[in-house]
Amino acid sequence: MAKAKPRVKVPKSAKAGEVITIKTLISHKMESGQRKDKAGKVIPRKIINKFTCEFNGTKVFGCDIDPAISANPYLEFTAKVPESGEFKFTWVDDDGSVYETGKKIEVK
Amino acid sequence: MNSTTLKWAGLLTAASVFAAGAAIAEPDNNTLVIDGQQLVTDVEAPKGSPLSRVYSGWRFRSPETQAFEMDDFENPAFPAVEQGEALWNTVEGEAGKSCATCHEDASETMKGVRASMPKWNEKLGKPHTLETQINACRTDNMKAEAWKWEAPNMLAMTAYVGLQSRGMPVSVKTDGPMQSWTDKGKELYYTRVGQLDMSCANCHEDNYGKMIRADHLSQGQINGFPTYRLKWGGLGSIHRRFSGCMKNIRATPYKRGSDEFIALELYLASRGAGLSVETPAVRN
Amino acid sequence: MKLDRRQVLGLTAGAAVLAVAGIRVNPASAAAEETKKQVMEFTGGKEPASGKITLKAPEIAENGNTVPISVSVESAMSGDDLVESVMILAEGNPNPDVATFHFTEMSGEASATTRMRLAKTQNVVAVAKMKDGSVYSDTRLVKVTIGGCGG
């Protein structure tokens, strides 16, 4: 797969103060820098090295990622939402690319 | 060392490989439910089968590997499925068509397709697999380039098309013009090949449920392909799996898309009749 | 001291055994030491206590490419009773770093799940750093089997 594609799963609605579970996955090879190609040359490292989740501009959860995380990095974590708003998810690639996606939630 | 000695050495190797794990047997009793839909992972074997029951490979995996398949979000094959969906709607080739131009909504038109492949094709004079059918559409109708058997786009498309049959029972036609292909597949299944002098049946019929070193042997059912293998870190085709098995027994694999592998795919599908299509499954 | 041929052979063999043993033992303990060093850097030199933190990982991983792990820490996640971060390390990987989770009050709970690569059978270590400066850790041994038949 050429371009990394993020996927996120957030409940559509929640009660105020409820702790919800968020699942995220991004398609990415996570080339560890430990492998060699057929000619015996080390394949250079290229991974997603950072993930952050914000809600209405406030940081909820973050993760520093090392090459030991599997291909197609999966992260599951929780969030406590005080009000309706939007989650913003950001993945940072070794090559400087930034992948972003958002998800709205309604708090009843 | 003459050839007889070599053969005995091979047999001894094979015997000792299975012996160690003989104590652990049988698939587990877990139930595969994906987003509320229960799938059939064991069923009475079809008439004439040497097995009494057929089991999906899912039943032989660890609880952690099983869990990956039980939620489409956690299933790592789904980014590829989404890629397949995008390709379905992408116009390609000189005819200016996409898959959707003719087949419209895949969730309607592709229902049951995976479950009935390989399928006889009169024009071709041989069975179509899902891969050759997709390429025939691309070259004949779209006037687009054919995809390679194991190309990411082909895997994405076979996963997307296959998903539309998920939960439906595997059911391939084996009579009429398919009879000779089924027979050919059966012959290949029971023929010992390679330096280890083993057939498919030695592992997947005689010894399923046992441990082959650290691996829990399944019946080698193909109802979940293309499958996301943790070992591959991605999707792979049925023929890639065959190829891997053949290398393990130190045999020279047939080519992907060869008549041999098509016949074997057909015969294996017929052995797994009644199991739910699990595409895209997750295995170790 | 005069050595006869037999003694010389014996000594040489002994030395060879030691040399081999040395080669085998060193990397393992080096990795464990490297992990220890990382933990100390993370905690600011504090020895982590047990309890509060739970690391969940399979006892046996069918394939080292994708091993699911979960970590959770008991905490109210407000005021001073807050988990700031949790570091995951793998003792037997070429590089022990795996990931570091950063939590906030908005996290609601200090729990996270991911999937990791394990080069071989080894200990996975999780260390939690609390806002009040206390540190806790948990360790799980994960056995990694050869990754299934079929290339």
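Where is A:Asn72 found? A:Asn72 sits in the loop between β5 and β6 of chain A. Its phi is near 55°, a positive value in a residue other than glycine. Most residues other than glycine have a negative phi. Keep in mind that this is a predicted model.

## Where chain A meets chain C

Start with the contact count. Chain A brings 29 residues into contact with 24 residues of chain C. The area buried between chain A and chain C is about 2200 Å². Carbon and sulfur atoms give 51% of that area. Three residues of chain A deserve a look: A:Ala68, A:Ser70 and A:Tyr74. They supply 23% of the area that chain A buries against chain C, more than any other three residues.

Next, the kinds of contact. Between chain A and chain C the rule finds zero salt bridges. It does find 21 residue pairs in polar contact across this interface, with both residues at pLDDT 80 or more. On the chain A side, the elements that give two or more residues are β3 (19–26), β5 (58–65) and β6 (74–80). β5(A) gives the most, with eight residues. By class, the side of chain A that touches chain C holds 17 nonpolar, six polar and six charged residues.

## Strands that pair across the chains

β5(A) also pairs with a strand of the other chain. Its partner is strand β5 of chain C, residues 97–103. The two are antiparallel and share five bridges. Find A:Ile65 to see one position in this pair: A:Ile65 stands opposite C:Ala99 in β5(C).

There is also an open sheet of six strands. Its order is β1(A)-β3(A)-β6(A)-β6(C)-β3(C)-β1(C), and the pairing is antiparallel. Which strands stand at the edges? They are β1 (6–9) of chain A and β1 (53–56) of chain C. Each has a single partner strand, so one side of each is left without a neighbour in the sheet. On average, neighbouring strands of this sheet are turned by 15° against each other, direction ignored.

Look next at the chain C end of the order. Here β1(C) pairs with strand β3 of chain C, residues 67–73. The sense is antiparallel, over four bridges. C:Thr54 stands opposite C:Ser72 in β3(C). In a regular strand the side chains alternate between the two faces of the sheet.

## Where chain C meets chain B

Chain C has another partner to examine. Here 15 residues of chain C are in contact with 22 residues of chain B. Together the two chains bury about 1600 Å², with 50% of it on carbon and sulfur atoms.

How many salt bridges lie between chain C and chain B? The count is one. It joins the side chains of B:Arg61 and C:Glu62, at 2.8 Å from N to O. The side of chain C that touches chain B has five nonpolar, eight polar and two charged residues.

## Strands within chain A

Now follow β8 of chain A, residues 98–107. Strand β2 of chain A, residues 13–14, pairs with β8(A) in the parallel sense over two bridges. In this pairing, A:Ser13 has A:Glu106 as its bridge partner in β8(A).

Strand β7 of chain A, residues 85–93, runs antiparallel to β8(A). Eight bridges join β7(A) and β8(A). One facing pair is A:Trp91 with A:Tyr99 in β8(A). β7(A) and β8(A) form a hairpin with four residues between the strands. In this hairpin A:Gly96 takes a positive phi near 95°.

## Cis peptide bonds in chain B

Most peptide bonds are trans. A cis peptide bond joins B:Phe225 and B:Pro226, with omega about -5°. B:Pro226 lies in the loop between β8 (215–216) and β9 (227–229) of chain B.

The peptide bond from B:Thr279 to B:Pro280 is cis as well, with omega near -10°. B:Pro280 is in the loop between α11 (259–271) and β11 (282–283) of chain B.

How values were computed. Residues numbered from 1 in each chain as written. Chains lettered and ligands numbered in written order. Predicted model: local features only at pLDDT ≥ 70, side-chain atom pairs only at ≥ 80, totals over all residues. Heavy atoms only, no water. Contact = heavy atoms within 4.5 Å. Buried area = accessible area lost by both parts, 1.4 Å probe. Salt bridge = Lys/Arg side-chain N within 4 Å of Asp/Glu carboxyl O. Polar contact = N/O pair within 3.5 Å; in protein donor to acceptor, adjacent residues only side chain to side chain. Nonpolar A, V, L, I, M, F, W, Y, C, P; charged D, E, K, R; others polar. Pairing = 2+ DSSP bridges. Axes fitted to C-alpha atoms, helices over the stretch in contact; angles between N-to-C directions.
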